[in-house]
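Dear colleague,

Please find below the structure I am handing over to you, together with its sequence. My findings follow directly after it.

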Amino acid sequence: MSWQTVADAAAWFFLAYFVALGALYLLVNACALLELPRQREALVPSLLPRPHSGYEPPVSLIMPAYNEETTISTAVSSMLQLEYPELEVLVVNDGSRDGTLEALRTELKLVPFPEAYRQRVATKPVRGIYRSTRFPNVRVIDKENGGKADASNAGINAARFPLVCIVDADSILERSSLRTAVVPFLSDPRTIGAGGSVRIANGSTVRGGFLEEVGLPRKMLPLMQVLEYLRAFLFGRLGWAPLNAVPIISGAFGTFRKEVVVEAGGYRSDTLGEDMELVMRLHRLNRLARRPYRIAFLINPICWTDAPESLGVLRKQRIRWQRGLGESLARNRSLLFHVRSSAVGWLLFPFLVAFELLGPLVELGGYVFMIAGFALGFISAPVFWSFMALAVCIGLMLSASALYLEELMCHVYKRPSQLVRLVAATLIENIGYHQLVLCWRLQGFWQWIVGAPAHWGEMKRSASWQKDL
């Protein structure tokens with residue numbers, strides 16, 4: 001076998017991989033379009049006037065916080081403005097080293113609260129529980145640092161209500177988001193978890209915990225992330241919903257039946273992708289036990305979050321996400337091609353392995369091989385330019401599809417100038433930024449393979465979207 005034959009075979013492999021990648025993402029996108037009518041129907045109860053609601057189950061809203069001094073007051077204010085009949089807010093201070101606890105003391109007028117704390121899920125020791133004298137439905141749990149998963153479990157242990165909603169401390173919910181998020185639990189008693197969309201808050205205006213105006217980031221880096229979030233939620237989650245194969249409920253905004261999570265053992269503290277691992281574990285436990293269940297995704301309850309504005313912070317985040325993906329799949333690998341795993345094990349799991357977990361390795365390998373082959377002369381110009389055009393066009397197609405779904409279903413960005421900026425960003429994103437993210441994801445994949453020490457790292461927040469009253 002000649003070297004040229006090997007080179008030709010490799011070139012065809014990379015071309016076929018990119019074609020398969022685009023085709024399968026288009027198929028998921030088509031499933032998302034088919035899901036839209038049911039999503040519109042699900043929104044009807046949340047659109048009813050307030051006197052016609054009030055049947056929603058009580059919810060314990062849990063907010064893990066670690067070094068969130070700059071955003072915690074705004075986040076708590078946002079939770080207190082939610083339109084919901086019965087709600088408790090549990091802020092879990094996970095051993096913060098900044099002024100998070102002091103900011104909570106000042107804002108909420110905290111006093112020690114002698115509460116019996118039942119540790120149904122193992123966590124780091126709790127140092128104290130406080131109650132707000134300003135808001136009787138707000139409590140603060142102060143504990144030793146154990147990570148976000150550990151803090152979420154502490155909140156679940158202290159929760160009084162049957163539904164728990166986990167929200168990041170750097171996030172803002174729209175006033176109707178929680179009412180919409182519980183609709184799947186009302187419409188289908190099999191529902192054990194439901195997630196909503198997460199959008200980038202950078203560039204928007206938030207005053208006193210209330211989203212006043214939706215905007216786009218001025219900086220290029222968070223603008224690129226707007227497109228990534230649109231793709232991830234508008235068909236990365238929505239497209240799998242009709243098959244009851246939603247792969248992840250974002251840790252920034254997710255609602256669960258408390259007893260189901262407790263029975264499953266809560267969030268795992270030994271993984272960097274605790275939100276995805278929990279959802280995959282719930283799939284595994286219920287599929288293999290043949291228990292009827294549903295994990296839902298709704299496109300319109302929106303959570304606004306702070307996006308990294310520096311390359312260093314973004315790099316840490318993407319490395320963590322990729323490593324978390326590998327850990328989640330490895331821990332729940334018994335789903336793969338199991339006779340009872342249905343669409344999760346036969347469609348979702350292979351897709352995640354082939355195109356999400358191994359994607360950075362194959363895509364970057366394709367770029368390197370094609371560029372080197374063209375430079376050295378064993379890849380012809382037609383093959384090289386066909387490959388590059390295909391790679392860019394797939395990215396453009398996926399971003400354009402996400403923008404179409406955004407305009408069709410949500411229409412969050414209402415100004416024509418905003419849409420123009422997003423369209424322009426789709427052209428820029430696929431030449432440089434996408435490849436850089438692939439490098440970071442490959443680094444996360446490698447760290448998972450070799451078992452390098454795992455840590456979250458410091459996530460600095462800009463909070464530039466917060467405005468004083």
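Predicted model: local features only at pLDDT ≥ 70, side-chain atom pairs only at ≥ 80, totals over all residues.

I begin with helix H14.

Helix H14

Directly after the helix comes glycine 451, with a positive phi near 70°.

Glycine 444 is also part of H14. Its relative accessibility is 0%, so glycine 444 counts as buried. The C-alpha of glycine 444 is separated by 8.9 Å from that of glycine 326, although the two glycines are 118 residues apart along the chain.

Helix H12

Helix H12 takes in residues 359–376, 18 residues in total. At 1.5 Å a residue H12 should span 26 Å, and the 25 Å between its end C-alpha atoms agrees with this. Several residues of H12 are buried, including Val362, Leu364, Tyr367, Phe369 and Met370. Glycines are also among the buried residues of H12, including Gly359, Gly366 and Gly373. As background, residues three or four places apart in an α-helix point the same way, because the helix has 3.6 residues a turn. The residue that follows H12 is glycine 377, whose phi is positive, near 95°.

The pair H9 and H10

Helix H9 (residues 274–288) packs with helix H10 (residues 311–331) at an angle of about 20°. Their axes are 9 Å apart. H9 and H10 are therefore roughly parallel to each other, since an angle under 35 degrees is counted in that way. The crossing of the two helices, H9 and H10, is right-handed.

Cysteines

How many disulfides does the count come to? The count comes to zero. For cysteine 165, the closest cysteine sulfur is that of cysteine 303, and the 8.4 Å between the two sulfurs is too far for a bond; a disulfide would need the pair within 2.5 Å. Cysteine 165 is buried, with a relative accessible area of 0%. Cysteine 393, by contrast, is partly exposed, at a relative accessible area of 47%.

Backbone angles outside glycine

Most residues other than glycine have a negative phi. Asparagine 244 is not a glycine, yet its phi is positive, about 50°. Asparagine 244 is placed in the loop between helix H7 (220–234) and strand E11 (253–257). With 15% relative accessibility, asparagine 244 counts as buried.

Serine 342, likewise a residue other than glycine, has a positive phi near 55°. Serine 342 is placed in helix H11, which covers residues 342–357. At 37% relative accessibility, serine 342 counts as partly exposed.

A loop proline

Is proline 136 buried or exposed? Proline 136 is exposed, because its relative accessible area is 57%. The loop that holds proline 136 runs between strand E4 (126–132) and strand E5 (138–143). Between the C-alpha atoms of proline 136 and leucine 108 the separation is 9.9 Å, and these residues are 28 residues apart along the chain.

Yours sincerely

Conventions: Residues numbered from 1 in each chain as written. Heavy atoms only, no water. Buried < 20%, exposed > 50% of the residue type's maximum accessible area, 1.4 Å probe, protein only. Helix = DSSP H or I, 4+ residues; strand = E, 2+ residues; numbered from the N terminus. Axes fitted to C-alpha atoms, helices over the stretch in contact; angles between N-to-C directions. Parallel < 35°, antiparallel > 145°, perpendicular 65-115°, else oblique. Left-handed = near helix turned anticlockwise from the far one by under 90°. Expected span 1.5 Å × (residues − 1).
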